[in-house]
Amino acid sequence: MTSKLHKAVLRTAVALFILMLHTSLLAATADLKVEPPFWWAGMQNPNLQLLVYGTDISSSEVDIDYKGIKLERVQKVENTNYLFIDLVIDKDIKPGKFKIKLSNEGKTTHTYEYELLKRDDSSITRKGFDPSDVIYLLMPDRFANGDISNDSHPAMIEKADRSNPSGRHGGDIAGITNNLNYLQDMGITGMWINPLLENNNEAYTYHGYAITDFYKVDPRFGSNVDYVNLVSLAHSKGIKVIMDMIFNHCGINHWFIKDLPMKGWIHEFPEFTRSNFRAESLTDPYASEYDKNLMLQGWFDKNMPDLDQRNPLVSNYLIQNSIWWIEYSGIDGIRMDTQPYPYKEIMAEWAKRVFEEYPEFNIVGEAWMQRESMTSFYQKDSQFGDGYNSNIPSVTDFPMYNAITRAFTEPEGWTDGMARIYYVLAQDFLYANPNYNLIFADNHDLNRFFTSVNKDVDAFKLAMAFLLTTRGIPMIYYGTEYLMEGEEHKGHGDIRKDFPGGWLSDSVNLFTSEGRSAQQEEAFRFLQTILKWRSTSEAVTKGSLKHYIPQDGVYVYFREWKDKRVMVMLNNSKGSQAIETSRFTEGLKGARHGKNIITGNPFTFRNTILLEPRQALIIELENRK
Ligand code: CA
C-alpha cells in the first residue's frame, strides 16, 4: 500500500469514527447544538468560539474542565436560545474529550461532549492548487448519479424530478467517485465541485448556493464521510479538490435564520431588497453610499438572506467553518463565491486566518468584474491607493473570459480577434501574480463555450490550445470537453444539463469513446493530448510568457522555464499564413528543431513556417546543440 493510499484509508477510518461518535452523541444531547461540532488540538490560533443553541439557555452557568482549556468568556445575545463561548486552547494541549456543562441554580441542565481531535501532521503543509493544475468544474447534481437511493430524502423538502430543468436530477458524490478515472484519464488534476452542503429549501436547490447547514453535506449528495472519502480517492489519483464556499449569504431555511440570534446577524429591510450586483461601485471613487450599501447589504435572491459579516460573531462563525472543512476533509483549495459582496476587510481577515493555519493552501475568489483593474483589486498583494490587500491569491479572470469568447469568432481588426487577447494580457502589470488567475472559456453561470463560438470546432481548438498554454490556472467546465451546448438566457438549466451517461437510463454515454460522435471524440482527444502534455511541461506550468503583437490573425508566444521552452502559434485567420521565422529569433534563441505536441511529430524550423487556416501549433523546442 502506498503511503498516499494508506493515509487516504486512515483518513476515511478517522472520519467514519468521528461520524459514529457524533451520531451517538447527538442522541444524548439532542436539545443542544454546538458549532463547530468538534475541533482539533494543535491549531495555530489558540482561540475557539462555540455557538451553542438550545431552548432558553442564555442564563445558564457554563462549566468546562479540561487541562489546557481556558473558558475566557460567555456571551449572551438578544435571543435567549443562544450562547457564544470563547475558549483559549493551549498550544500543546492533548487531544481528548471534555464535557461542556450548562447549569441553572447548581443543577446541570445540559451536557455536550466536545472533542479535540489530533491534527493531521501533514495538514499544515498541505499544498493548494497552482498553475501546474487544470481544474474541472462540475455541478454535482448534473454530473453523475451514482446512488439512486438518495435522489430524494425524507428530511429534505425538494424531491428529485429529472424532467424539470431547475429541479434536482439525482447526481451525487458517488457519481463523482465513480468517474474519477475518467477525469484522470483526460489529464485533469483538480476539481472544483459546486456546493455540496445542505440546501433544504422548497425549490431550485440543486445548485447548492442557499446553504441551510454549514456543517453538513446535503444527504441527496451523500454524507460528510462520503465527501472525505472522495477527497482521499481523488488525491490517490492525482486530483486535487476545491470546495465551493459561500459567505455572503445562506439559505432562507437555515436553522439560525428561522430563529435569529440577534439583530445584525443578517441585513434586514422592511421589504425584500435585492443587491444591485454592481461590484464596480466598491472601487468607484465617485460611488454614492446608497449604491455601495445596496451592493453589500441587498440580498442576492429572495431565498438567500444576506449575512452581516461586520458582526464579529458572524464572521468568526464563517471563518471557523472554513478551517473546520479544510482540516476535516483534506481539501486543497477553496473557491469563494461572490468575493466582493461581503465587506472586503472581512474577506481579507478570513483569508488571512485560513493561511495562518495552512500557509501553502490556495483560494480563488469569484471576482466577477468586467475590467482588469477591478479584477486585480481583489487579488492578494495588488497595489492600489487605498492599501487594501485581499489576501486571496487567485481571482477569476472574467476579462480574459470576455476576450476568449469573442476573439476566435470575429475577423481580425486593430482591437478585434486575437488583439482582444493581446490587450488583456498587456494589462497584466495590474496583477500582483497573473499566473494565479483562474482562466476559463465558460462556467456554470455562462453560455456554454461551444455555443459561444457558434459550434465552430476550429475556434474551439484554437481557444483550448490557448487556454492551456497561456499564463494562469486553466479551468474546464464539465461537458466542454465534448462540445456541450447551452445558452444562459434560456435559463440556468440549459447551461447545467446532465452529463450523458451519468444516469443508468441514459441512451448515450459520453464517458466512453464509443458513446461520442466523431466530432465529440476529436474535441476530447485534442484536449486530452494537450492536458496530458501540459502537466509535464514546466515551461507552461512555471515559465515566463513572451508574446508578439498579433499580425494578420496570427498570434505567437513563447513559454520558458530554465532550459525548457515552448512556442505556440495560433492562426485565427481563414487563410494559410507563411510567417517569417526571423521575427521570432528572440524567442527561438537559435532552436531549429522541436516536437509538435498535437501530432507528436518532429518539427523543423525553416525560414518561413506555413500555418494552415485556423491551425493551432504547439512546439516544444529542442535546445540549441
Ligand atoms: Ca443520487
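Predicted model: local features only at pLDDT ≥ 70, side-chain atom pairs only at ≥ 80, totals over all residues.
Residues are numbered from 1 along each chain as its sequence is written. Local features need pLDDT of at least 70, side-chain atom pairs count only at pLDDT 80 or more, totals for chains, interfaces and linings use all residues, and side-chain values rest on heavy atoms, without hydrogens and water.

Select helices H11 (residues 398–407) and H12 (residues 418–425), whose axes come within 8 Å and cross at roughly 165 degrees. Helices here are DSSP runs of H or I with at least four residues, and strands are E runs of at least two, numbered from the N terminus; axes are lines fitted to C-alpha atoms over the stretch in contact, with angles from 0 to 180 degrees between N-to-C directions. H11 is thus roughly antiparallel to H12 (over 145 degrees). Display next the contact residues (heavy atoms within 4.5 Å): Pro399, Met400, Ala403, Arg406 and Ala407 of H11, facing Met418, Arg420, Ile421, Val424 and Leu425 of H12.

Move to lysine 461 in helix H14 (residues 457–467). Lysine 461 is buried, at 19% relative accessible area (buried means under 20%, with a 1.4 Å probe and protein chains only). Beyond neighbours within four places in sequence, lysine 461 contacts Glu522 and Phe526.

Turn to the aromatic pairs, 57 in count, defined by ring centres within 6.5 Å for Phe, Tyr and Trp (its six-membered ring). Select tyrosine 215 and tyrosine 317: their centres lie 6.2 Å apart and their planes at 85 degrees, so the pair is edge-to-face (over 60 degrees). Tyrosine 215 belongs to strand S12 (residues 213–217) and tyrosine 317 to helix H8 (residues 312–329), 102 residues apart. Both tyrosine 215 and tyrosine 317 are buried.

Notes: Parallel < 35°, antiparallel > 145°, perpendicular 65-115°, else oblique. Buried < 20%, exposed > 50% of the residue type's maximum accessible area, 1.4 Å probe, protein only. Phe/Tyr/Trp six-rings, centres within 6.5 Å; stacked < 30°, edge-to-face > 60°.
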